[in-house]
Amino acid sequence: MKNNLRYLLLTLIIAITASCSESEQPVTRLKLATTTSVENSGLLSYLLPEFEKEFNYKIDVIAVGTGKALKLARQGDIDAVLVHDPKLEEKFIADGFGVDRRPIMTNDFFIVGPADNPAGLKIADPAQFALQKIAGTPSIFISRGDESGTHQKEKFLWELIPLKPLGKWHLESGQGMGATLIIANEKKAYCLTDRATYLSFKKKIELLILCRGDTQLINPYSITTVNPARFPNVKYEAATKLINWLTSPAAQKMIGNFKQQGEVLFDPVMQEK
């Protein structure tokens, strides 16, 4: 009798354990480093829950500038990196730290500034000409100064003039895009910003778009997996699933539908036909 009870109890425990293991699969955690512009926009909090639910993953997002994100990737501290500086990304891959780079979306940069526009910028000005105007007047320009993708674009545009921005009129915030916009707003200064962050912060600031549309201001975003051959701890399979999902028609449609202030923040690379 006792043996029968023990047998039944053991069978019940095995059945319960099997049932739990089938219904409660362990969650896979994935580390994604990305830019503050992507995080500030709210895009990831809109996109990633769909991916997490479908694949039973949890994405740990680390939002920093592009330079810092790629540094984390070079150290093998993350699994994938989503940034917006093609030259730095190409070097990252050429140096053997990244694989499987895929474009996801684009937006563009704006030069924004105070309503009185003391430098006299015009919307259709070439970007480097607009910066030259700012440098030639008693105006203030706030740079991120943090080696982010936006800061790299700033430096590229100054080099086109060519002009090295020095002096009291050129200030560095050393902070993310949202914080830099707030500082520029307080100082009634000019600033280079990406479309997504500007639209996300539009209600909090009085800065206006004063220059946009130049082809030099196009802002492409790509995602790259950290090279598993270099860092065996990288969750390559999981990162590949994320990349494949972000470039799928469903995710691309979600990106194209994501808006602030009635405007699309990011243009998907896969346009609907």
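The following dialogue explains how to read several features of this predicted model.

Trainee: On what basis are the values given?

Mentor: This is a predicted model, in which local features need pLDDT of at least 70 and side-chain atom pairs count only at pLDDT 80 or more, while totals for chains, interfaces and linings use all residues. Residues are numbered from 1 along each chain as its sequence is written, and side-chain values use heavy atoms, with hydrogens and water left out.

Trainee: How many helices and strands does the protein chain have?

Mentor: Helices (H or I, at least four residues) and strands (E, at least two) are DSSP runs, numbered from the N terminus. The protein chain has 11 helices and 12 strands.

Trainee: Is Asp 125 buried or exposed?

Mentor: Buried means under 20% relative accessible area, exposed over 50%, and partly exposed in between (1.4 Å probe, protein chains only). Asp 125 has a relative accessible area of 8%, so Asp 125 is buried. Its place is in the loop between strand 4 (98-113) and helix 6 (127-135).

Trainee: Which residues does Asp 125 touch, not counting residues up to four places away in sequence?

Mentor: Contact means heavy atoms within 4.5 Å. With those sequence neighbours set aside, Asp 125 touches Gly 120, Ala 130, Lys 133 and Cys 211.

Trainee: Is Pro 232 buried or exposed?

Mentor: Pro 232 is exposed, because its relative accessible area is 71%. This residue lies in the loop between strand 9 (218-226) and helix 10 (236-246). Pro 232 and Lys 31 are 14 Å apart in space, C-alpha to C-alpha, and 201 residues apart in sequence.

Trainee: What percentage of the 273 residues in the protein chain is buried?

Mentor: Buried residues account for 47% of them.
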